[in-house]
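Please examine the structure shown below together with its sequence.

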Amino acid sequence: MTATVSTAGAGTAPGPERTKAKRRSGGGLGRYILVRAVLIIPTIFILVTVVFFLMRSTGDPITAALGGKLPPAQLAQRVHEAGYDRPIIVQYFEYLGQLLRGDFGTTFTDNQPVTQVLLTYGAATLELAFYALIVAFIVGIPLGLVAAYFRDKAQDASLRVFAILCYATPVFFVGLVLKLVFSIWLGWLPVSGRASTGSELEMQTLENKTGIYLIDAFQTGDPAVVGDVLLHAILPAVALGLLTAGIFLRLVRTNVIGTLSTDYVDAARSRGVTESRLLRKHAYRPALIPIITVIGLQIALLLGGAVLTETTFEWKGLGFQLVHYLQARDFVAVQGMVVLLAVIVTLTNFVVDVIAALIDPRVRY
């Protein structure tokens, strides 16, 4: 009788334990997401604060933009009217209040609301970053698999050198070389811009313009416009995408090699499974997890590289305008753009962290 009770108890015990384990697992994910979400606020606050005081370290924006162009008395009056002669801490808290209301200020050079500038040119930068990320995936992941398959052979060595060149070569230099070869010498692709003049005029007639040229081109219903937009996007996307493709190549190669040396792969190999099948079926997916975890960092790298890429190809996005406002010393516009880019990077990292936690439970703890 006692044995029966013991056995029954032993048989029923794992049920509640498994339930508790599941609760702990779900709680771990929920707690992880909550912590990451809460950390967004101080991260953005620190970034905004750093940007504000760095911009103010060289003086007030009006003097920086108009100094030497106006008489001293008129300049002092403009500074007073804008409130830049007040204590810096007062200006700081006023700026925080404006940000909470969604007010990024007004540019000095062209008297536009900074929010309008961000909406107008931000779509172009996001479109370029999207194209570049596609190039990085198409180039980096397959070549990483090839490098792992031919480990320590000539193909592997060549691809590793290629990866180093991709992320070590300045993006503007890559852009200039691509323009020289494919636009000047071969004449295959446009030199600069997001679309030809005719295509832009046709897209301007749309009622619901998004600012993302590919979507707007599809809205026109004209295949020629779609093709023109894609042709203009090839060189900038390749120049910026190769920067990240080299990193993806190295990550995939390293992780595939590590996966191919695990016990379960050795067991499959002993059963006669070919190396190519092992690569496709067993090593491919685990190698993609590190790619997902570093996408957030790569978005920051892409947005940073977009400044030089947009300037090289005259791609009128945030990077192109940022250089323009820096040259004009329009600190209000620069400050708004930098804050927006910081917010995009922070939110992207949050989304990537959540995706990584869903894929790999070990990340949650």
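The model is predicted: local features require pLDDT of at least 70, and side-chain atom pairs count only at pLDDT 80 or more, whereas totals for chains, interfaces and linings use all residues. Residues are numbered from 1 along each chain as its sequence is written, and side-chain values use heavy atoms, with hydrogens and water left out.

Two of the pairs described here share Asp156. In one, the side chains of Arg160 and Asp156 meet at 3.6 Å, N to O. Both residues belong to helix H7 (residues 154-168), where they are 4 residues apart, about one turn of the helix; helices (H or I, at least four residues) are DSSP runs, numbered from the N terminus. In the other, Arg253 pairs with Asp156, with the closest N and O atoms 2.7 Å apart. Because Arg253 lies in helix H11 (residues 223-260) and Asp156 in helix H7, this pair ties together parts that are 97 residues apart in sequence.

Another salt bridge joins the side chains of Asp152 and Arg151 at 3.7 Å, N to O. Asp152 is exposed at 57% relative accessibility, and Arg151 is partly exposed at 47%.

In soluble globular proteins, nonpolar side chains tend to be buried together. The largest nonpolar core has 78 residues, and Tyr131, Met203, Val229, Leu240 and Met337 have the most contacts inside it. Such a core is a set of buried Ala, Val, Leu, Ile, Met, Phe, Trp, Tyr and Cys residues joined through side-chain atoms within 4.5 Å. H11 supplies the largest share of this core, 16 residues. Apart from neighbours within four places in sequence, Leu240 is in contact (heavy atoms within 4.5 Å) with Leu128, Ala132, Val171, Leu302, Gly305, Ala306 and Thr309.

At the surface, Trp188 occupies the loop between helix H8 (171-185) and helix H9 (197-204) and is exposed, with a relative accessible area of 59%. The C-alpha atoms of Trp188 and Leu231 are separated by 9.0 Å, although these residues are 43 residues apart along the chain. Val191 lies in the loop between H8 and H9 and is partly exposed at 35%.

Finally, the backbone deserves attention. Most residues other than glycine have a negative phi. Asp152, which is not a glycine, has a positive phi of about 65°; Asp152 is found in the loop between helix H6 (114-149) and H7. Phi of Glu314 is likewise positive, near 50°. Glu314 sits in the loop between helix H13 (275-313) and helix H14 (318-327) and counts as partly exposed, at 46% relative accessibility.

Technical notes
Salt bridge = Lys/Arg side-chain N within 4 Å of Asp/Glu carboxyl O. Buried < 20%, exposed > 50% of the residue type's maximum accessible area, 1.4 Å probe, protein only. Helix = DSSP H or I, 4+ residues; strand = E, 2+ residues; numbered from the N terminus.
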